[in-house]
Amino acid sequence: MVGSLSPLNRLPTRANLTCRGVTIPSSVCLFCGLDEESQLHCFLSCSIIKIIWRKLWSWWRSPLLYNPSLVDILKEKSGFIENKSVENLFHAVCMTFMWHVWKWRNKILHASSDAEAIAIRHEDFPSAQRLSLLWAYNRSSKKVIVSWKNWILNPGELASSSSPWFFLVLGVLYFGVSLSGALS
Ligand SMILES: [Zn+2]
């Protein structure tokens, strides 16, 4: 599985473009406008993105001081989930969230005006939760119907039930491979 930052290194973050000699008007992060937009900053350390990660970790009842690196997130081992199926599902949700961040970032980049860019810059955690549920459902072999309420209250329960979640491993692999190519 993906155990390094290599898939992210191919993404055209502003820092990557600058490194490749591409002239761009600014290399500053589109979310906070404060630091250079490296992959680490864009996907994890940006103050706006970190707020949403903390919500995601809290949603999955991680330990209070849980604070993984980007490489840790790309691995399949969270360190706080024992059930393998739940671990797979959690990892899939994290990958979906990264997908969400990149799509969101591109939406800001291609906004038609500064006013529109500012309007869509606000944090929207529920839409990341919706996307992860949709993604998980579409990759379930039994198409188990999951209520929004259950997904929010206890997402891990979905994987620890009798539903076959092994497919998620393949789904995550597909996502990792396609991340750099599909999102631009
Ligand atoms: Zn930022």
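Predicted model: local features only at pLDDT ≥ 70, side-chain atom pairs only at ≥ 80, totals over all residues.
The secondary structure of the protein consists of 11 helices and 0 strands, and the pattern read along the sequence is accordingly α-α-α-α-α-α-α-α-α-α-α. Of the 184 residues in the protein, 27% are buried. When contacts between residues at least 6 apart in sequence are considered, 60% of them join residues at least 24 apart.

The largest nonpolar core comprises 28 residues, and those with the most contacts inside it are Leu-89, Phe-97, Met-98 and Val-101. At least two residues of this core are supplied by each of α3 (39-45), α4 (47-59), α6 (84-109), α8 (125-138) and α10 (155-160). The largest share, 11 residues, is contributed by α6. In soluble globular proteins, nonpolar side chains tend to be buried together.

The buried residues of α4 are Ile-49, Trp-53 and Leu-56. Viewed down the axis of α4, these buried residues fall within an arc of 60°, and they therefore line one face of the helix. The buried residues of α4 pack against α3 and α6. The face of α4 turned away from its buried side carries the exposed residues Ser-47, Ile-51 and Ser-58. Following α4, Arg-61 has a positive phi, near 55°.

Note on methods
Residues numbered from 1 in each chain as written. Core = buried A, V, L, I, M, F, W, Y, C linked by C-beta atoms within 7 Å. Buried ≥ 20, exposed ≤ 12 C-beta atoms within 10 Å, placed from the backbone. Helix = DSSP H or I, 4+ residues; strand = E, 2+ residues; numbered from the N terminus. Arc of directions from axis to C-beta. Contact = placed C-beta atoms within 7 Å.
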